[in-house]
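Hi there,

Here is the structure I promised to pass on to you. Have a look at it first, and then read my notes below.

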Amino acid sequence: MSDSLAFRQALSQFATGVAVVTGCDQAGEPMGMTINSFSSVSLNPQLVLWSIDKSAAGYEHYIAANRFAIQVLADSAQATSDLFAQRGIDKFGQAQYMMTDGLPLLTGCTATFICKEYKQVDAGDHTIIIGEVESFSCDPGKPLVFHDGGYTQLT
């Protein structure tokens, strides 16, 4: 097994929540992708982060966006995760969402964080995007969890 495959397998042993980051491109069209790189950074100021692979579809649009929303998916939202993990399709034509404050927000999420860009950090083959939280909402429930290459349920 190559070092990068072994490294990826080792990383897969860390269970992560699943989220979708959404925003609008420079033409105002909604864009979104499934992520598991979401993390809190700071309580004061309220900062969160996510990272994007430099080879990801739409990378330039995400880097140029000055606002975005991170939505934590509920455990019943596997289809939403799968939808936003795909490339080259009309994701928003198949998703339930509403435009709110200039951002496409998915329905049925356990938490939503609306952010303005705070900082970007170049990190190897990814860019880390740190956002300052402008507002957030929470509808507590069980989150969608990814572990060892697949979805899993919390017990």
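**What I found**

Thr110 is buried, because its relative accessible area is 10% (buried means under 20% relative accessible area, exposed over 50%, partly exposed in between, with a 1.4 Å probe and protein chains only). Please keep in mind that this is a predicted model, where local features need pLDDT of at least 70, side-chain atom pairs count only at pLDDT 80 or more, and totals for chains, interfaces and linings use all residues. Residues are numbered from 1 along each chain as its sequence is written, and side-chain values use heavy atoms, with hydrogens and water left out.

Thr110 belongs to strand β9, residues 109–123 (helices, H or I with at least four residues, and strands, E with at least two, are DSSP runs numbered from the N terminus). Not counting residues up to four places away in sequence, Thr110 touches several residues, among them Val72, Leu73 and Pro140 (contact means heavy atoms within 4.5 Å).

Next, the sheet. Seven strands form an open sheet in the order β3-β2-β6-β9-β10-β5-β4, with antiparallel pairing (two strands pair if DSSP finds at least two bridges between them). At the edges are β3 (30–35) and β4 (39–42), each pairing on one side only. Strands β2 (residues 19–24) and β6 (residues 67–73) are joined by 4 bridges, and Val20 has Gln71 as its bridge partner in β6.

Now the core. The largest nonpolar core has 20 residues, and Val21, Met33, Trp50, Ile52 and Ile70 have the most contacts inside it (such a core is a set of buried Ala, Val, Leu, Ile, Met, Phe, Trp, Tyr and Cys residues joined through side-chain atoms within 4.5 Å). A second, separate core of 11 residues includes Val20, Ala77, Phe92 and Leu144. In soluble globular proteins, nonpolar side chains tend to be buried together.

Finally, the rings. There are 7 aromatic pairs in the structure (rings of Phe, Tyr and Trp, the last by its six-membered ring, pair if their centres lie within 6.5 Å; planes under 30 degrees apart count as stacked, over 60 as edge-to-face and the rest as tilted). The Phe38 and Phe113 rings have centres 5.4 Å apart and planes at 35 degrees, so this pair is tilted. Phe38 is in the loop between β3 and β4 and Phe113 in strand β9, so the pair ties together parts 75 residues apart in sequence. Phe84 and Phe92 form an edge-to-face pair, 5.2 Å centre to centre with 75 degrees between the planes.

Happy exploring!
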